[in-house]
Amino acid sequence: MSVIEARGLAKRYGPIRALAGIDLAVPESAIFGFLGPNGAGKTTAMRILVGLLRPSAGSAVVLGMKLPSRSTEICRQVGYLPGDVKLYPWMTGRRLLAFCDAARGGGSWPEIARLQERFDLDLDRKVRDYSRGMKQKLGLMAALAHRPRLLILDEPTTALDPLVQQTLYDELRAVAAEGRTVLFSSHTLSEVELLCDHVVIIRGGRIIEDSTIEALRSRAVRKVSLRLRRSAAALTLPEGAHSQSSLDGAVTLSWTGPIDRLVAWLRSIELEDVTIGPPDLEDLFAAYYREEPGLPASQGAET
Amino acid sequence: MISAALLRRTLRDYLALWLGAALFVGAFVVLFNFAINAIPRQQSAEWLELPIVRRFITALVGADVLELSRPEGMLSIAFSHPLVWVLLIAFNFTLASGALAGEVDRGTMDLLAALPISRARIYGSISAALLLMGLPLCWMVWIGARIGVALTGAADVRMGILAIVACNLCAVYVLVCGLSLAIAAYSNRRGMAVAVAFAIVFYAFVINFLRAMWPALEPLAWTSFLRYYAPLIVIRDGAWPWGDMATLTVAGAIAWSAGLVVFVRRDFPAR
């Protein structure tokens, strides 16, 4: 079952096209990564899904409820963290969370107490005295406190130190393990690789890749270093292998394709030694991020 | 139509400002009582015969200055005094713009609109706060007058008639609420919301004031909401200005409804 079903979701700001009609299906219990360069339309899509923006075309159903007509009921079960979290500077962290709790009908304080301990945040200081990282923690607590069925987080690790990032990763894994769903955007490929089951890459307001991490890994480039018993001159490379350097019996090549085909080929040649590196998603993502002919350029939408 | 949590938060956020404004208005009207009692009657009659003073006061209170002969006539000036207007309107603009356009401007609307409070309830809660704080502020003029009358020992002041004037003032406030909320609901910038609302109120004051000096402007008088607020006529006739109050309230309700439609349908862009 999909917790988010979007069909042809589009958004225009006058002549500027921020979203060009995307289809999105986010499965339940998934940690779903939303990737793309600045201005790709990630934030626009997320803001539509929480009812902050009205789509120019298309439709979206979130948790089985249609947007925007049922956005209030949707918000009851969704936790949202905006990209650049802004909070009431005159309030203490505790008062801000108390307001959110009261607006949601109460009952969040046991979870708030747990999250406060996990994120180690002083809630009795005014928000104006918080650092950027502390504001981010408070925004995350406000999004997580009511134990929502769906979390929509726009670059949640921004301004967090590595220890707190790790805490957040643990929290998000726990959320998914409980059958709840996380949709988050990020530019940090390592965290996407670490956390996500599924990734959507968006550019120029269009989805250009929608795949599982496993499927992406199988298409990612691996670096393979070979030491041959004989000269490399007679070596015939199979499809998917590209030689990068060759010196006497030492060959370095890049490999794209199924690993079993690589292993079968390695068995067929006389090897002294072999090193197979992990799949490098960085290169794959970088290719998606780069402008390519035939794909629409970034339209200058919000990031 | 309102969220208790948001209403409580808004009342608390603006409580200090409201207390300051209420005390200032009340204290000003009390002092105004002392001031009008300190001026000898003969001297004030001489001033009122000066054409410029006569026209100025007519523009403020909506009727000829000669009607000021009753004791509450002089007090009616307090209900139209520029200082009272400035405080009432500044409070109104501060709350309406801060709680709607200000939320968008600061970026905190992302937090508020992602809570399970419908946009209509957000708008309704801010409107309720504006009325719950603003209407008592209007009545502070009457309370100040009452305290002033008690302290100065002025006789024959009909506080009941002044209560009708206070109700008329409340109707003006309701209209200003409707206008300021409609403008704030449409705006992304708090400063812009205040500037547009101020321009409308300024226009109303200018037209109302100038028409007393320059009769050629009379055809435009209906476009100024102050045309429907004439304390001295209420005091002279001793009757409820139902027509004026209804006009103000209906116009306020229309502006408020337009703001609601805009607020419910609009986008909240990222900041």
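The crossing of helices H9 and H12 in chain B is left-handed, a term used if the near helix is turned anticlockwise from the far one by less than a right angle, clockwise being right-handed. The axes of H9(B) (residues 159–186) and H12(B) (residues 242–265) come within 8 Å and cross at roughly 20°. H9(B) is therefore roughly parallel to H12(B); angles under 35 degrees count as roughly parallel, over 145 as roughly antiparallel, 65 to 115 as roughly perpendicular and the rest as oblique. Axes are lines fitted to C-alpha atoms, for helices over the stretch in contact, with angles from 0 to 180 degrees between N-to-C directions.

The model is predicted: local features need pLDDT of at least 70 and side-chain atom pairs count only at pLDDT 80 or more, while totals for chains, interfaces and linings use all residues. Residues are numbered from 1 along each chain as its sequence is written, and chains are lettered from A and ligands numbered from 1 in the order in which they are written.

Chain B contains twelve helices and zero strands, and its pattern along the sequence is α-α-α-α-α-α-α-α-α-α-α-α. Helices (H or I, at least four residues) and strands (E, at least two) are DSSP runs, numbered from the N terminus. The C-alpha atoms of chain B fill a box of roughly 65 × 45 × 30 Å along the principal axes. Of the 271 residues in chain B, 47% are buried. A residue is buried if 20 or more other C-beta atoms lie within 10 Å of its own, exposed if 12 or fewer, and partly exposed in between, with C-beta atoms placed from the backbone. Among contacts in chain B between residues at least 6 apart in sequence, 81% join residues at least 24 apart; two residues are in contact if their C-beta atoms, placed from the backbone, lie within 7 Å.

Chain A has ten helices and 14 strands. Its C-alpha trace spans about 75 × 45 × 35 Å along the principal axes. Buried residues account for 40% of the 303 residues in chain A. In chain A, 71% of the contacts with a separation of 6 or more are between residues 24 or more positions apart.

Four strands of chain A form an open sheet in the order E12-E13-E11-E14, with antiparallel pairing; two strands pair if DSSP finds at least two bridges between them. Strands E12 (241–247) and E14 (271–276) of chain A stand at the edges with a single partner strand each, so one side of each lacks a neighbour in the sheet. Neighbouring strands of this sheet are turned by 20° against each other on average, direction ignored. E12(A) is joined to the antiparallel strand E13(A) (residues 250–256) by six bridges. Ser243(A) has Leu253(A) as its bridge partner in E13(A).

Pro278(A) lies in the loop between E14 and helix H10 (281–289) of chain A. This proline, Pro278(A), counts as exposed because it has 10 C-beta neighbours inside 10 Å.

At the interface, 24 residues of chain A are in contact with 20 residues of chain B. Helices H1 (42–49), H2 (71–76) and H3 (93–103) of chain A each supply at least two residues of the side of chain A that touches chain B. H3(A) provides the largest share of that side, four residues.
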